[in-house]
Amino acid sequence: GKDGTAVEVSSWLFAYPAQCNFSGRKLSLGWIEALHESRLSIGSMGALPNGLVLLDAASYISTSPLNLSASQPDFVCLSFYKMFGFPTGLGALLVRTDRGRLLRKSYYGGGTVAATISGEEFHVMRSGIEDRLEDGTLPFLDILALRFGFESLNRLPGGMGGVQMHTTALLCYVRREMNQMNHMTTGQPVCIVYGRPDYEEVSKQGPIAAFNLLDDTGKIVGYSQVERLASAQNIHIRSGCFCNTGA
């Protein structure tokens with residue numbers, strides 16, 4: 001601790017996104033091994049032993065391949081909707097087999113118990129980790145649709161690697177064009193694009209361009225006004241605030 005006393009930790013969880021869905025910045029997958037080997041410093045506590053890693057790969061795997069043989073987090077959460085666009089609301093939590101015993105539920109729902117007695121506080125959870133954690137009826141038709149999503153992805157030249165190269169090329173084109181746009185009346189930039197200058201490196205940047213539009217005096221144009229102007233030109237866009245804290 002800060003006073004120099006030892007900090008005793010049995011096990012603890014470090015969760016972080018592989019890619020920021022605001023800026024597209026990719027965070028190092030090398031943190032996983034460093035944390036497992038107690039080489040990653042956590043603030044004033046320094047490097048702690050017995051760390052577990054939850055990797056939020058939802059944004060990352062939408063356009064980038066993830067090799068779980070090279071990077072081995074304890075848990076990975078992902079979104080199939082972000083990969084395929086359909087089915088909506090379907091994702092997955094990948095759990096290393098030897099970490100499943102750590103996931104203990106304090107409640108249970110339909111289908112997750114092997115036995116229960118209504119008159120007593122007694123129940124036995126199912127043995128398989130997926131049986132214990134999946135409450136209620138699963139969306140079977142949506143799960144069946146995943147097959148066609150993976151088949152479509154595998155038919156693309158280069159698979160997910162090809163998607164990564166294509167979307168990176170689009171990002172580079174968009175950023176170059178946006179940085180060159182100026183108002184004809186004042187010469188002021190039309191937009192301000194956020195992010196680091198190494199956006200062309202696929203290992204450091206995903207295909208997300210975060211920006212604000214500016215008027216001819218340099219003031220930021222609000223998203224609601226942008227939506228109204230786009231609608232007037234028969235351009236449909238989705239607008240709103242970020243769900244990221246601080247964004």
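Val124 touches Val113, Ala114 and Ala115, leaving aside residues up to four places away in sequence. The model is predicted. Val124 sits in strand E6, residues 122–125, and its relative accessible area of 37% makes it partly exposed.

**Val124 and its surroundings**

- Together with Ile117 and Phe122, Val124 forms a nonpolar surface patch with about 240 Å² of accessible area.
- Between the C-alpha atoms of Val124 and Leu35 there are 35 Å, and the two residues are 89 residues apart along the chain.

**Helix H4**

- Helix H4 covers residues 140–155; its 16 residues should span 22 Å at 1.5 Å a residue, which agrees with the 24 Å between its end C-alpha atoms.
- Ala145, Leu146, Gly149 and Leu153 are the buried residues of H4.
- On the face turned away from the buried side, H4 carries the exposed residues Phe140, Leu141, Leu144, Arg147, Phe148, Asn154 and Arg155.
- Arg147 forms a salt bridge with Glu151, with 3.0 Å between the closest N and O atoms.
- Arg147 and Glu151 are separated by about one helical turn, because they are four residues apart in helix H4.
- Arg147 is exposed at 53% relative accessible area, whereas Glu151 is partly exposed at 31%.

**Salt bridges**

- The structure holds seven salt bridges.
- Asp74 and Arg96 meet through their side chains in a salt bridge of 3.8 Å, N to O.
- This pair links distant parts of the chain, 22 residues apart: Asp74 is in the loop between strand E2 (51–56) and strand E3 (75–79), and Arg96 is in the loop between strand E4 (91–95) and strand E5 (113–117).
- Asp74 also forms a salt bridge with Arg99, where the closest N and O atoms are 2.6 Å apart.
- Arg99 lies in the loop between E4 and E5 and Asp74 in the loop between E2 and E3, so their pairing ties together parts 25 residues apart in sequence.
- Asp74 is buried at 0% relative accessibility, Arg99 is buried at 18%, and Arg96 is partly exposed at 29%.

**Gln19**

- Gln19 is in the loop between strand E1 (12–17) and helix H1 (30–36).
- Its relative accessibility is 4%, so Gln19 counts as buried.
- Beyond residues up to four places away in sequence, Gln19 touches Gly24, Arg25, Lys26, Ser59, Tyr60, Ser64, Gly206 and Ile208.

Methods:
Residues are numbered from 1 along each chain as its sequence is written. This is a predicted model: local features need pLDDT of at least 70, side-chain atom pairs count only at pLDDT 80 or more; totals for chains, interfaces and linings use all residues. Side-chain values use heavy atoms; hydrogens and water are left out. Patches are made of residues with over 30% relative accessible area and no salt bridge: like charges are joined within 9 Å, nonpolar side chains (Val, Leu, Ile, Met, Phe, Trp, Tyr) within 5 Å. Accessible areas come from the Shrake-Rupley method with a 1.4 Å probe; for residues, only the protein chains shown count as cover. A salt bridge is a side-chain nitrogen of Lys or Arg within 4 Å of a carboxyl oxygen of Asp or Glu. Helices (H or I, at least four residues) and strands (E, at least two) are DSSP runs, numbered from the N terminus. The expected span of a helix is 1.5 Å times one less than its number of residues. Buried means under 20% relative accessible area, exposed over 50%, partly exposed in between (1.4 Å probe, protein chains only). Contact means heavy atoms within 4.5 Å.
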